[in-house]
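Subject: Model handover and notes

Hello,

My notes come after it.

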Amino acid sequence: MLRGALGASVALPFFDAMMPKSSRAQAVAIPKRFGVFFSGCGTVPEFWTPTGTNPSVATPSKTNPAISTTFTLSPILQPLAAHQQNIAVLRGVSMESTQGKYGPVANVHDQGMTHCLTAIPLVQGPSGAGRAGHFVDGSAGGPSIDQHIAQAIGKATMLPSLELGVNSKDTFLELLVTQMCYGNVNQADTNPKGKRATVVPPVGDPVQVFTRLFGTNQQGTSAQVVASLKNRQSVLDYAVADYNGLMTKVGADDRSKLQQHLDFVRQIETQLTMLITNPTSCPGSANVMPVAPASQACLRDQTLRTNAQMAADKAAQAAGTLPINNCVTNYPLIGKLQLDLMALAYSCDLTRVASMQWSTAESTIVHSWLPTPPFSYLTALPAIAYTGTQEHHMLTHNDTVAISAMNAIDNPDNKALMTLNAATVATVRLDLSHIDTWYAMQYAYLISQLKAIAQPNGTTLLDNTLLLWTSELGIGGAHSYTSVPNVVAGGSAMGMKGGRFIDYLGPTAYPPGQNAIPYGVGPAHNKMFVSFMNMMGINENTFGMTGAATNETGTFQGPLAGL
């Protein structure tokens, strides 16, 4: 720790020089970190599920999973091959809390997104449901796991948590599909249908994130960043001197008001003191050159809608009666910068809890940059082959013949683009697998970044970080909440064992494919979060709904078997 102006304590990264030579070989207490990596619309199970070759049991269950330490990664997870010993792939963990018997049922993406990290029923707002069953002003019914962990460990860092995103908020989509992180329930909420949790939205602009971390949008060397911050601090120094001079010239009431304002200015000054240390004491900050997202107005489902529908939408947007949907045109670049900033914030100990939200639960992204990889760490993937709608979310509405036919009813003008045969469905499912593979590459990139940062005790930043990759659905087309694709990376210094495929379902009883897994077969994701909390040093046995009201404590409480 450093002592800055006004006695402020400043957290620094861990350097060997901070320890006496005699103790550098001894055990060092390294902070524990937690992270969430989100990509939407579930997955395609037959392309996501690994193949275990030495399962611990022949017939797994939610209390006794088949654990394979030798397994073949699936096509989607193949980018994680270099990190296979650092990951655990979980098949069968389900969002049991989404069932209608426990609480309200909203649009499927609202339902999945609000339960994804909270594991507790959502709350409908006073305005009720709107388009396609979306809850207009609803919210989660409790805090998300990242915010709960941040409340326990976030007081030691400048930011208790850091929420990042790319093309996550600037959209016409309803609110609940755009947000996955929630703070505590607002006890002052007067909503007649229940008190709602406070939203913690992601920040989608790397320049804003950099400013939040370092107090300036000055790009360049550490010296340039510090110079910009010191200039701001000098202005505050003059302000403090002026305020102190005024204190003897005003009455008691004005002195009280002035003192409150002075205290606020000193808080800013203290924060600047902390910020000024970060660029000079934080390796890598000069290497991040943030840029803002580039965006353009775009219409949803452009390859699905008729010319008349498109013209009507454009006219409605011009009239202000239809919200404009903005598409980030440099999506891969913004995403990479956000991952760089996430790793940097961990490394500098600016935060110990962070999340990255790619797009939204009902993702409107067209992955048009495939097959060309925009960065050297990526390999080429096939371009999206389906010639109909290529939006991520709408592709899932065509990933089986039955689902495609059902959606044709809702799109009578373009039945030909929705009523697909088995061959075309196979193309769509392969396209979706390539999209998921691209996100696996991004996850692998973040793992590589964390693995490359050494800690004084010989471990890496990854060893001291639990990093969950998850989604709001299990199977995209079926819009199921069971067997959600979960991968956990890192955490070896916290008791997490990598190099494992943990299967709670079994390939014989529940072969991976188009059919959704029934509720009750796999374990509740509440248990996964309890295990995370325990690894983070939080001695709690429940998270989200407890099951006490329905006499199902065994379903929701306690840690996850096998993890």
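First, the ground rules. This is a predicted model, where local features need pLDDT of at least 70, side-chain atom pairs count only at pLDDT 80 or more, and totals for chains, interfaces and linings use all residues. Numbering starts from 1 along each chain as its sequence is written, and side-chain values use heavy atoms, with hydrogens and water left out.

Overall

The protein has 13 helices and 16 strands. These are DSSP runs, numbered from the N terminus: helices are H or I with at least four residues, strands are E with at least two. Of the 563 residues, 57% are buried. Buried means under 20% relative accessible area, exposed means over 50%, and partly exposed lies in between (1.4 Å probe, protein chains only). Now take the contacts with a separation of 6 or more: 74% of them join residues 24 or more positions apart. A contact here means heavy atoms within 4.5 Å.

Helix α8

This helix covers residues 331–347. How far apart are its end C-alpha atoms? They are 24 Å apart, which agrees with the 24 Å that 17 residues should span at 1.5 Å a residue. The expected span is 1.5 Å times one less than the number of residues. α8 is mostly covered, with 16 of its 17 residues buried. Asp349 follows α8 and has a positive phi, near 55°.

α8 against α11

Helix α11 spans residues 422–451. It packs with α8 at an angle of about 30°, and the axes are 10 Å apart. Axes are lines fitted to C-alpha atoms, for helices over the stretch in contact; angles run from 0 to 180 degrees between N-to-C directions. The two helices are therefore roughly parallel. The cut-offs are under 35 degrees for roughly parallel, over 145 for roughly antiparallel, 65 to 115 for roughly perpendicular, and oblique for the rest. α8 passes α11 in a right-handed crossing. A crossing is right-handed if the near helix is turned clockwise from the far one by less than a right angle, and left-handed if anticlockwise.

On the α8 side, the contact residues include Tyr331, Lys336, Asp340 and Tyr346. On the α11 side, they include Trp438, Gln442, Tyr445 and Gln449. By class, this contact has eleven nonpolar, two polar and two charged residues. Nonpolar means Ala, Val, Leu, Ile, Met, Phe, Trp, Tyr, Cys and Pro; charged means Asp, Glu, Lys and Arg; the others, Gly among them, are polar.

α8 against α4

Helix α4 (residues 206–214) packs with α8 at about 15°, with the axes 10 Å apart. That makes α4 roughly parallel to α8. α4 passes α8 in a left-handed crossing. Pro206, Val209, Phe210, Leu213 and Phe214 in α4 meet Ile334, Leu337, Gln338, Leu341, Leu344 and Ala345 in α8. This contact has ten nonpolar residues, one polar and no charged.

Single residues

Asn457 sits in the loop between α11 and β14 (465–470). Its relative accessible area is 32%, so Asn457 is partly exposed.

His148 lies in helix α3 (residues 145–153). It counts as buried, at 18% relative accessibility. Not counting residues up to four places away in sequence, His148 touches Met533, Glu540 and Phe543.

Best wishes
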